[in-house]
2 protein chains.
Amino acid sequence: MRVAVLGLGAVGKGLLRMLAAKPELGFVLTAAADSSSARIDPEGLDPAGILDTKCATGRCGVSGLTAADVIASGAFDVLVELTPTNALTGEPALTHIRSALNQGKHVVTSNKGPIAADYAGLAALAEDAGVALRYEATVGGAIPVIHAIRDGLAGNRFSSITGVLNGTCNYILTRMDDEGLTYEQALAEARELGYAEADPTYDVRGIDAAIKLVILANTCWNLGVTLDDVAITGIDGLTVDALRLAADQDCTIRLIGEVAPAENLLRVAPRVLPRNHPLVIEGTLNAVMLSTDMAGEVTLMGKGAGSVETASAIIGDLIAIRDRYAECE
Amino acid sequence: MRVAVLGLGAVGKGLLRMLAAKPELGFVLTAAADSSSARIDPEGLDPAGILDTKCATGRCGVSGLTAADVIASGAFDVLVELTPTNALTGEPALTHIRSALNQGKHVVTSNKGPIAADYAGLAALAEDAGVALRYEATVGGAIPVIHAIRDGLAGNRFSSITGVLNGTCNYILTRMDDEGLTYEQALAEARELGYAEADPTYDVRGIDAAIKLVILANTCWNLGVTLDDVAITGIDGLTVDALRLAADQDCTIRLIGEVAPAENLLRVAPRVLPRNHPLVIEGTLNAVMLSTDMAGEVTLMGKGAGSVETASAIIGDLIAIRDRYAECE
């Protein structure tokens, strides 16, 4: 299966490292693009060589060639879309994905923006073209939650999904609870450790968690909701006193995303939970609890971020596409 | 897809109830057998009607017809093998499964015995026949752990699997820890609630957990191990004092199955774990932690038993088979 990779930031580099380390997977890299160059070779490129070139020159290939040129070349079976993308508008990933689906190419992405902004439209494009659109990496990092909804728990009706969807917030809350730190202290620590960005607004105000919740809601029930439909409260107003009050009752506070269509519930907010609740997890971990009619409550937990963890999710999607489509050819 | 069901105990009845409740799944029941009768109709049977007959007469169909007759009829695409089976020898399920695979039929089973006794042989038969052998229901009840190993985390190399694989033991240990009950008191309570069998040997001595561990070890690494290779310590010798000592260090004790091929580790034993360890779960729940090279540690948790929960796993397998094979026809 021929793979084109758009975007060589942390995730793209992590993916190329894994493709180089696991030749047994049998994927052939035929194109790669970063923000200022691209390389296309239908015979196959060496992922390690691309990484070396990128590291030495800051570019992966021929300057002047772009992501759009890669797509237009058609020299791939699956487009892996990892370009730095606006999480609200979904661009430029949204345009790349539409364009690849319109050409009848499979798409795998780690970009939340396009999936949250136009899930229904992209799913319809993929369906019409008879190709796959997969995005396991957009929610919960390495945790195979979309696989669990679509495949592992297939046949179940889902009543709700509840989850810890943002590792930065979970780290801050864990540290406030464990060490009695203030929000500002815990945030400063998270920044130092690289768990929070210089501008943490997007994480601490619950927007990142809400975007992931929208993706889960549309995947599971095809609700057609967007970010505007989510009632969002972040953790930036949370006081040490609130955590102390919770602790007095053997509880703690976590930022929880919840969707339950029958109750019209689509919310991200800090919630008081008993300490032994499955969603009370530590540090930067993520967890998702799926409530179903047959399987009861199934919880998945693991690392919510990291370049190699994200590569794991992308590779799982690539293998799923190969297994589903290649066997029929 | 035409489905034949062998065995109408709790799991078989649960499955027929779900097939009756979810006609949208599109499975056609063409045969059913219990220990003293069977019914075969290539045009399709009504699952609710079969359940009614079974309830009213104690038999599902024509006495004299057997499971072997169902298999010989060939009037199905997938055999669902749920007969009461010896967990050590795997019979009679092992014979049924071999016979169906030899006929080129897909097989789904909830029976641990045959998978633990002859995984390599059955997998080879299925491969030669170009059909699927699926057994999600054998480990962790409703938790889609085999799906996670095979599909969701595909592309990863696994270094270890660690899990709480027996709900009866976990219930007993939870109650000993929470309420300071003795082993005998907690076991008596588990029996009253139906969480432990009249003869609990198989559960409390760790044999059930060890069989599931063998299945995971062979699924994940094709180790070719059997029950004899597992170092097993049960919970029946565990004292209140041991739990108190653990509690003094903010820890508790759980029965943990562990396999790590690089360390030659294949063991079921009570283990002291910090209270916030992901495998410290409550009551009859099960949990499995998969350690991988890319995704890090991914933990899945949920209900480890129950007829409808088991039906969920079986239906997930049926859908996986339909998706994989039907699309190519």
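## Cysteines

Is Cys60(A) buried or exposed? Cys60(A) is buried, with 0% relative accessibility (buried means under 20% relative accessible area, exposed over 50%, partly exposed in between, using a 1.4 Å probe and protein chains only). Cys60(B) is buried too, also at 0%.

Searching the whole structure turns up zero disulfides over all chains, a disulfide being a pair of cysteine sulfur atoms within 2.5 Å. Cys60(A) is in no disulfide, and the nearest cysteine sulfur, from Cys55(A), sits 13 Å away. For Cys60(B), likewise in no disulfide, the nearest cysteine sulfur belongs to Cys55(B), 13 Å away.

## About the model

This is a predicted model, where local features need pLDDT of at least 70 and side-chain atom pairs count only at pLDDT 80 or more, while totals for chains, interfaces and linings use all residues. Residues are numbered from 1 along each chain as its sequence is written, chains are lettered from A and ligands numbered from 1 in the order written, and side-chain values use heavy atoms, leaving out hydrogens and water.

Thr168(A) belongs to helix H7 of chain A, residues 167–179 (helices are DSSP runs, H or I, of at least four residues, numbered from the N terminus). Thr168(A) is buried, at 9% relative accessible area. Leaving aside residues up to four places away in sequence, Thr168(A) touches Tyr195(A), Ala196(A) and Asp203(A), where contact means heavy atoms within 4.5 Å.

Notes:
Helices (H or I, at least four residues) and strands (E, at least two) are DSSP runs, numbered from the N terminus.
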